[in-house]
Amino acid sequence: MENNVVSVEDLKIKIKLDEGDLTPLRGISFAIRENETLGLVGESGCGKSLTSKAIMGINDKKCVTTGKITFQHDSKSMNLLDLKFGGHEIRSIRGKNISMIFQEPMSSFSPLFTIGHQISEFVRLHMTKDKEKAKQIAIESMKRVGIANPEKRYNQYPHEFSGGMLQRALIAMSLVCNPKLLIADEPTTALDVTIQAQILELLKKLQKENNMAILYITHDLGTVAKICDRVAVMYLGKIVEVAPVVELFKNPQHPYTIGLLGSVHKIGGNSKRLFSIEGTVPLAMNLEDRCGFYDRCIYRNTKECCGAEPVLREVSEGHYVACYEDMKTKLTQNI
């Protein structure tokens, strides 16, 4: 697809343990275009954060990673997995061309240095060695994300910031070098709903200003509806459904996606009990060659679903699903 900032192809991660090989990522593929937000959703442990860390090149060395991550860098394509772990080339890209907002702002800053020092450190590393110029760029970035009185805040320490302001500072640090790709790993989880709304609006505004691609990782479907253009649903280390955001909410096709949407309370809806997906996610080790959602699926077909793991197929334009069943006639059953 044209104008892809990043393309992930058949990404797999294997971790060797005494009990066997753990496979938290089992072959995922997606692409993100310029000025597009792709939401990556799924329950805890499905591989969302490992995916983002693989793109950044910050997974532990014990993670054996295969596949291809193509990134458009300085008018040329490169496979990020070919770059040396911790080498100069990946470090020159990380923070400058690809940035990441981590889940917990309280643990993302060092308590020993001021906020301004930590933001300007990015500038000195990637943009200019001039300390005064770096300071002005950092202050401007803090102002851009809505931090009041940034000149004063520049010299304050993390413990002097509220949770919302600290999240804004983290966004300022991530965007200070105007990256082509921003990875936001559940950036609003620790914030109250009013601050969440402000952060989402801020990300959308800054995306338009910088023509930036965003990979937005979350388990909050309400947030997905507000900020994402397309959505990829993950389960047990695989992408099971990909669709434009409106299409996914109107016409979910995978039983797991249907279950997720059925468990969300709808304003003005009836008062019946919310749907819940029975069972738990199996351990991604020594898995059988069948649908990973089989044991928890209320629509399972023993003959087909146990034959082999389904692959993504296109059910409508831009809408892909990894399921043998046709859900169009089953959307209202049991939910």
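A salt bridge is taken here as a side-chain nitrogen of Lys or Arg within 4 Å of a carboxyl oxygen of Asp or Glu.

1. Basis of the note. This is a predicted model, in which local features need pLDDT of at least 70 and side-chain atom pairs count only at pLDDT 80 or more, while totals for chains, interfaces and linings use all residues. Residues are numbered from 1 along each chain as its sequence is written, and side-chain values use heavy atoms, with hydrogens and water left out.

2. Confidence. The pLDDT is the predictor's confidence in each residue, from 0 to 100. The protein chain averages 86, and 94% of the residues score at least 70. Over residues 331–335 the pLDDT is below 50, yet beyond near neighbours in sequence this stretch has twelve contacts in the model. A contact means heavy atoms within 4.5 Å.

3. Salt bridge at Glu36. Side chains of opposite charge can pair when their charged atoms come close. Glu36 forms a salt bridge with Arg33, and the closest N and O atoms are 3.2 Å apart. Glu36 is buried, at 4%, whereas Arg33 is partly exposed, at 28%.

4. Salt bridges at Arg290. Which residues pair with Arg290? One partner is Glu288, at 3.9 Å from N to O; another is Asp295, with the closest N and O atoms 2.9 Å apart. Arg290 counts as buried, at 16% relative accessibility. Glu288 is exposed, with a relative accessible area of 58%, and Asp295 also counts as exposed, at 53%. Elsewhere, salt bridges that share partners join Arg33, Glu36 and Arg230 into one network. The structure holds nine salt bridges.

5. Helices (H or I, at least four residues) and strands (E, at least two) are DSSP runs, numbered from the N terminus. Helix 4 covers residues 131–144, which is 14 residues; at 1.5 Å a residue it should span 20 Å, and its end C-alpha atoms are 20 Å apart, which agrees. The expected span is 1.5 Å times one less than the number of residues. Asp130 caps the N-terminal end of helix 4, with a side-chain oxygen 3.0 Å from the backbone nitrogen of Glu132. Just after helix 4, Gly146 takes a positive phi of about 90°.

6. Buried side of helix 4. Which residues of helix 4 are buried? They are Ala134, Ala138, Ile139, Ser141 and Met142. These residues cover an arc of only 160° around the axis, so they lie on the same side of helix 4. The arc is that of the directions from the helix axis to the C-beta atoms. What covers the buried residues includes helix 3 (115–126), helix 5 (150–153) and helix 6 (163–175).

7. Asn35 has a positive phi of about 60° although it is not a glycine. Asn35 sits in the loop between strand 2 (20–33) and strand 3 (37–41), and counts as partly exposed at 34% relative accessibility. Leu236, also not a glycine, has a positive phi of about 50°. The loop that holds Leu236 runs between strand 9 (230–235) and strand 10 (238–244). Is Leu236 buried or exposed? At 6% relative accessibility, Leu236 counts as buried.

Key
Buried < 20%, exposed > 50% of the residue type's maximum accessible area, 1.4 Å probe, protein only. Polar contact = N/O pair within 3.5 Å; in protein donor to acceptor, adjacent residues only side chain to side chain.
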